Every structure is written in C-alpha cells, then in structure tokens.
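Here are my notes on this model, point by point. Please read them with the coordinates open.

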Amino acid sequence: MHKITKDGYEYTRLITELALQSASIPSSYTNKSEKDNYMFLVKWYNEGKVLGKTLSEIIEAGYHKILFINDGSRDNTISEVEAIKTKYPHALIVLVSHMINRRHGAGNKTGIEFFRRYGDQLAVKYVVLFDADGQMDIKDMKTFETAIDQHPEIDVIQWSRFIEWGKAEAM
C-alpha cells in the first residue's frame, strides 16, 4: 500500500510540474485596486456549461486575478476560459492544465505550488479557493474582506453556507 500511495504522490507531482511549466505567467503584475490583493484559484473538471457564468461573476465583482486549474477536462471548458480572457482583457487570467484528471486535491496542490512560485511576482496577498460549478456566491467575499480587515492576524478563513447563519440556495 505504501508503494501505491508513494507512486500516486510522485505521479501527481509530475503532473503538477508539467502543468506549471506549460503555463504562461507574466513576469510581474502591479495591483490596480485593493481587490487585486486577491487571486482566485478556480479548479475544474468538465464544467464548461457553468464556468463562464462563474468567472464573469468573479470579474464583474471587481476581482481581476484568477488562476484556472484544468484537471484534465475533455469538454469545452478551455474554450470557455479563452472566451472569458477575450471578454475581459484587463484581467490577469492564468490557465494551468493537467494532462489527465488527477481528482480531488490535485488541483489545489497545483494551485498552492503555483502561489509558492509566483505569488510574490504577481503581488498576491490572499488566495481564494473558489469552485467552478456555480455553487459558491461571490457576494460572500464581502464577509471575508471585512474579517481580514478587522483581524489581520488571521491566516485562513473557511466558509460554509451550511452553518447555522450561512445561506445555501439553489444547489
């Protein structure tokens, strides 16, 4: 079992490395507003039907930095991202693609490695993990921003609309 687990881990590391090497990353980025301190990590697998709406909501809410992790999708999702890049040329949109689907946490792993390597040069202060499937509400960012402003010592905020005072609709 240890060998299988270790081999899977090494395989995922290889997929992450190849994906990051193929990404087009600007040499630097200057934030234009406070919301540019945030960069969204949006990972997906075959979410072409809903991804465009999710991405538009993020950008129209004033957030202009998005890292997309394509976890081996075989649908039209990449063309949806390209359409968003054309529609919002002022936004910093980075696309990273896994050659095959690695499931579950592999997209997050690749995203975290991306931020370790390029977060400083892209002036990323806060990372937001955001689902591509339309289940998350960009309006919740107001709550996070307020909490960060009031408690700068906080390193991680985890949110759920399923808690007592949360709100889960149309899921």
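1. Helix α4 (residues 106–118) lies across β1, β2, β3 and β4, and runs at about 150° to β1. Helix α5 also packs on the sheet, where it touches β1 and β4 and makes about 140° with the direction of β1. Axes are lines fitted to C-alpha atoms, for helices over the stretch in contact, and angles run from 0 to 180 degrees between N-to-C directions. Contact means heavy atoms within 4.5 Å. Helices (H or I, at least four residues) and strands (E, at least two) are DSSP runs, numbered from the N terminus.

2. A word on the basis. This is a predicted model: local features need pLDDT of at least 70, side-chain atom pairs count only at pLDDT 80 or more, and totals for chains, interfaces and linings use all residues. Residues are numbered from 1 along each chain as its sequence is written, and side-chain values use heavy atoms, with hydrogens and water left out.

3. The sheet is open and has four strands, in the order β3-β2-β1-β4, with parallel pairing. Two strands pair if DSSP finds at least two bridges between them. β3 and β4 are the edge strands, each pairing on one side only. From one strand to the next, the twist averages 20°. β2 and β3 run parallel and are joined by seven bridges. I66 has I93 in β3 as its bridge partner.

4. Take I58. Leaving aside neighbours within four places in sequence, I58 is in contact with F40, V42, Y63, I66, F130 and I138.

5. Aromatic pairs come to seven, counting rings of Phe, Tyr and Trp (its six-membered ring) with centres within 6.5 Å; planes under 30 degrees apart are stacked, over 60 edge-to-face, the rest tilted. F114 and Y118 form a tilted pair, 5.2 Å centre to centre with 50° between the planes. They are separated by about one helical turn, because they are four residues apart in α4. Both F114 and Y118 are buried (under 20% relative accessible area; exposed is over 50%, partly exposed in between; 1.4 Å probe, protein chains only). One aromatic cluster is formed by Y38, F40, Y63, Y126 and F130.
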